[in-house]
Amino acid sequence: NDVIRIFPKMDDLEVPQNGRRLDIVSTAYMGSYPLPNGADALRVIGDIAYIANSNSGLQILNVSNPTAPFFMGSLEGLGNVKELDVSESIAYVCVPSNSKEIILVDVSDPTTPSKISSYVDFPGNSVANIEVIGSIGYVAFGSGSNGVVILDLSDPLMISQLGIYTTTWFGQTYNVAISGSKAYLAGGSTGQSLYIIDVSDSTSPTGIGSYPAFDSNAIIVAVNGDTAYVSLQYGDLYILDVSIPTSISTLGRYEATKFVMCLDLIGNTLYLGLDNSDMQIVDVSTPASPFLTGSYNTDNDVYGIMVIDDIAYITPYNELTIINVDAAAPTSIPTSAPSTPVPTRSPVHPPTSMPSGAPSTKPTTTGWISDPYSTPHPYENSVLYSNTFIQPTDGSMKLHFNNFETESVYDVVKLKD
C-alpha cells in the first residue's frame with residue numbers, strides 16, 4: 001500500500017496563469033467487489049451501496065469496511081436497470097428503454113429487497129434518470145418527446161403524476177438535477193442543451209430559462225447555488241452562471257479529453273467518471289480556470305460515482321471499486337538525488353511484441369539514473385514498453401521526463417506502485 005509520488009523538476013513546474021498553487025491529490029485503491037453484469041449508477045447511504053446493475057437488476061453491498069465490501073442482497077428480473085435513487089428505505093430504479101419504467105423497491109431489509117410497485121405512464125421512448133426529494137420524484141424522459149415528469153410518491157402503492165414539462169428540443173433528455181425550486185434538464189441535439197424549469201408548483205412546472213446548443217449533446221448537469229456544471233458527450237465540461245435563468249452565461253470550461261459518463265460535486269471539487277479511462281478530480285474553486293488535481297486509472301468506462309468523506313465509490317464496468325481520494329502531496333518536494341544506489345531496472349512484464357532493433361534486456365544501472373532507457377522515436381503501434389524503478393529504502397522517488405510525446409487519446413503512460 002505504499003505510494004510513489006512523482007514530481008517534475010522545480011524549474012520545469014508550470015505555474016497557472018492565475019498564480020494558484022497546484023494541489024496534487026494522491027488516490028489509493030481501497031477495495032472492490034465484482035458484479036454479475038455491467039454496473040451503472042450507484043447510491044451510497046450509510047454503510048450500504050445500492051447499484052444499478054443492468055440486466056442483473058439491483059445489487060446491494062455492505063461497504064462499512066471499504067477494504068472488504070461484501071454482498072447483502074439483490075433483486076433481479078427488473079429489466080435493464082441503468083439509474084436509481086434511494087430515499088426512506090425505498091430504491092427507485094430506472095429502466096430506460098422498452099418498458100420505460102420506474103420501479104419502487106423496498107430495501108428496508110437489504111438482504112431481501114422486494115418490488116413494491118412501478119410507474120410506466122411516460123411520454124417519449126425512454127426514461128433517463130430520477131431524483132427524489134421528499135415525497136416527490138422528478139423523472140427525465142426523452143427520445144422523441146422530451147422533458148420532466150413530476151410524480152407524487154407519498155403512497156408507494158398509488159403513484160400519480162403531479163405535473164409535466166415538455167421541452168422544444170429534438171433529440172433526447174439525458175439527465176435532470178434539482179436545486180431548490182428549480183429543475184435543470186440536460187440533453188438535446190438541436191436547439192437548446194440546458195433547460196431551467198420552475199417546479200415550485202409541482203402541478204404547473206414552468207420553463208424560465210435555457211442555454212443554446214453546445215458543440216455536442218449535454219449529458220449530465222449538476223448544480224451548486226448559482227453555478228451549473230454541464231458535461232458534454234465528447235469530453236468538454238462547461239461551468240455556467242445560472243443566477244439569472246433568462247441570461248445564462250459561461251464562466252469556464254474544462255477539457256476532460258473523453259466522454260464524461262458521470263460526475264459528483266463536493267464543494268469546489270468535481271469528481272468525473274470517464275469513458276474507457278479513469279476518474280478525474282478537478283478543482284473548480286475558480287470557475288474561469290478549472291484544473292486537474294488528481295486521477296485514478298480504471299481502464300474501463302466509469303458509469304457511476306459517489307464521493308463521501310474522501311472516499312470515492314465508482315462502478316467501472318462490472319465491479320464496485322472504492323478509492324481513497326484524501327492523500328495530498330507532501331509540502332516539500334525532494335530536489336536532490338537519492339544517496340542510495342538504484343538497482344537494476346528490468347521490464348515488469350514482457351512486451352506483447354518487441355519492435356525490431358529494441359533490446360530485449362536493459363543494462364544494469366546503479367546510482368542515480370540520469371539517462372534512463374527511452375522508447376524508439378517514433379514508437380511502434382500495439383507495443384507495451386515497461387520499466388521498473390526500485391527504491392529499497394523508505395523515501396520519495398522523482399521521475400523527470402526530458403521528452404514526453406504520445407498520441408492523444410490512443411496511447412497512455414501508466415505509473416503504478
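Which residues does Val-148 touch, not counting residues up to four places away in sequence? They are Tyr-138, Val-139, Phe-141, Gly-163, Ile-164, Tyr-165, Val-176, Leu-185 and Ile-197. Touching, or contact, means heavy atoms within 4.5 Å.

This is a predicted model: local features need pLDDT of at least 70, side-chain atom pairs count only at pLDDT 80 or more, and totals for chains, interfaces and linings use all residues. Residues are numbered from 1 along each chain as its sequence is written, and side-chain values use heavy atoms, with hydrogens and water left out.

## Overall fold

The protein chain has 28 strands and zero helices. Both kinds of element are DSSP runs numbered from the N terminus: helices are H or I with at least four residues, strands are E with at least two. Of the 417 residues, 43% count as buried. Buried means under 20% relative accessible area, exposed means over 50%, and partly exposed lies in between, using a 1.4 Å probe and protein chains only. Among contacts in the chain with a separation of 6 or more, 47% join residues 24 or more positions apart.

## Strand β12

Val-148 is found in strand β12. Its relative accessibility is 0%, so Val-148 counts as buried. Val-148 and Pro-205 are 57 residues apart in sequence, yet their C-alpha atoms are 9.1 Å apart in space.

Asp-152 is also placed in β12, which covers residues 147-152. Asp-152 counts as partly exposed because its relative accessibility is 21%. Leaving out residues up to four places away in sequence, Asp-152 touches Ser-135, Met-158, Ile-159, Ser-160 and Leu-162. Gly-163 is eleven residues from Asp-152 along the chain, with 9.3 Å between the C-alpha atoms.

## Nonpolar cores

A nonpolar core is a set of buried Ala, Val, Leu, Ile, Met, Phe, Trp, Tyr and Cys residues joined through side-chain atoms within 4.5 Å. The largest one has 18 residues. Those with the most contacts inside it are Tyr-50, Leu-58, Leu-78, Leu-84, Val-93 and Val-105. At least two residues of this core come from each of β3 (48-52), β4 (58-62), β5 (70-75), β6 (83-87), β7 (90-95) and β8 (101-106). A second, separate core has 17 residues, including Ala-186, Ala-218, Val-230 and Leu-232.

Val-93 has contacts beyond its neighbours within four places in sequence. The partners are Leu-58, Leu-78, Val-81, Glu-83, Leu-84, Glu-101, Ile-102, Ile-103 and Val-105.

## An aromatic pair

Rings of Phe, Tyr and Trp (its six-membered ring) pair if their centres lie within 6.5 Å; planes under 30 degrees apart count as stacked, over 60 as edge-to-face and the rest as tilted. The count by this rule is two aromatic pairs. One of them is Tyr-119 with Phe-122, an edge-to-face pair at 5.2 Å centre to centre and 80° between the planes. Tyr-119 is buried, at a relative accessible area of 9%. Phe-122 is buried too, at 5%.

## The second largest pocket

Rolling a probe the size of a water molecule over the atoms shows where empty space is left. Here a pocket is an open set of points, on a 1 Å grid over the protein atoms alone, where a 1.4 Å probe fits, with protein on both sides within 12 Å along at least five of seven lines; lining residues have an atom within 4 Å of a point. The second largest pocket holds about 1200 Å³ of space. Volume here is the space filled by probe spheres set on the points.

Its lining counts 40 residues, and Arg-43, Glu-83, Asn-129, Asn-175 and Ile-220 lie nearest the centre. The elements that give two or more residues are β2 (42-45), β6, β10 (126-133), β14 (173-179), β18 (218-224), β22 (260-266) and β26 (302-308). β10 gives the most, with eight residues. By class, 27 lining residues are nonpolar, six polar and seven charged. Nonpolar covers Ala, Val, Leu, Ile, Met, Phe, Trp, Tyr, Cys and Pro; charged covers Asp, Glu, Lys and Arg; the others, Gly among them, are polar.
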